[in-house]
Amino acid sequence: MEQPDMLDEQQELLKLLRSLLDSWQTLPPKAELCKGKTVAQVATVFGLAAHTHRLATAVDMLWSAGMYIESAPLIRGAMENALTAQFVAQVDDGVYGLLNNYARKRKNLVDEIVKAGYLSSDQLASQLDEWEPVQTPSTDSATKVQQLCNDLEPGGSQAYAWYRLLSAWSHAGGAIVDEYAHDDPFQLSITPDKFPPSTGFLVILGGSVVWAGRAYDMLTRGKGRREELRRAAGKIGIVPELHPSAAYRRRVQAEKKKRRSER
């Protein structure tokens, strides 16, 4: 049985989340770029932020239906999209790392489809983007969630630990099976009746919505929703913005030094 204080806290977080989701709907239809920012950055960050909000809306619907474990993959997705949005908004070549990873995955997918014999390589050639990979340390951030977490602060191992926890209920495995298991192996349950609705899940989701919204505000002129998002961050107990970490800056400098030595 959940404690009354925990239920009250969850209801407050859900109320705050719904307020942020409603506020997102009031954004102006056109954005005016901040000086030094690119159209590619804005388009990428907006797409990631918009999807974060859509996932959060879906989680709210699931929680309203008492479906908590089912929301874990969506919260994990919201977190990944929001962290990526923060990174791309602040690292000039972050969008290139994302495009490098996207092109790589598209090529791998086409190769697998051809290997399976569904279509010929000629038929699928038009599906590949003609994208020449750009050499950038941001590619690692776009390819590996652990690296992305380490490249942001505050983030690092704490953020990745939450991601791994959410992953446990996002893939077929023991954590999922355990939610439907009983001491009596012949007693079956079609619902995960003992999975507790974790307040931490809502903290991560609320934080993701704040970070996604702030990432978009960073790239557009005007105050946007800055003050609202900062107040929300205070209520949730998180920082409103993440920043490239010292570890990321050291990696960038090391790569620049390596390039100079290879010339």
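Rings of Phe, Tyr and Trp (its six-membered ring) pair if their centres lie within 6.5 Å; planes under 30 degrees apart are stacked, over 60 edge-to-face, and the rest tilted. This structure holds 8 aromatic pairs. The model is predicted: local features need pLDDT of at least 70, side-chain atom pairs count only at pLDDT 80 or more, and totals for chains, interfaces and linings use all residues. Residues are numbered from 1 along each chain as its sequence is written, and side-chain values use heavy atoms, without hydrogens and water.

**Tyr 160 and Tyr 163**
- The ring centres of Tyr 160 and Tyr 163 are 6.2 Å apart and the planes are at 15 degrees, so this pair is stacked.
- Both residues lie in helix H8 (residues 156-168), 3 residues apart, or about one turn of the helix. Helices here are DSSP runs of H or I with at least four residues, numbered from the N terminus.
- Tyr 160 counts as buried because its relative accessibility is 18%. Buried means under 20% relative accessible area, exposed over 50%, and partly exposed in between (1.4 Å probe, protein chains only).
- Tyr 163 is buried too, at 10%.

**Trp 169 and Phe 201**
- Trp 169 and Phe 201 form an edge-to-face pair, 6.0 Å centre to centre with 65 degrees between the planes.
- Trp 169 lies in the loop between H8 and helix H9 (174-180), and Phe 201 in helix H10 (residues 199-219), so the pair ties together parts 32 residues apart in sequence.
- Both Trp 169 and Phe 201 are buried.

**A ring cluster**
- Trp 24, Phe 46 and Tyr 216 are linked into a cluster by ring pairs.

Note on methods: Helix = DSSP H or I, 4+ residues; strand = E, 2+ residues; numbered from the N terminus.
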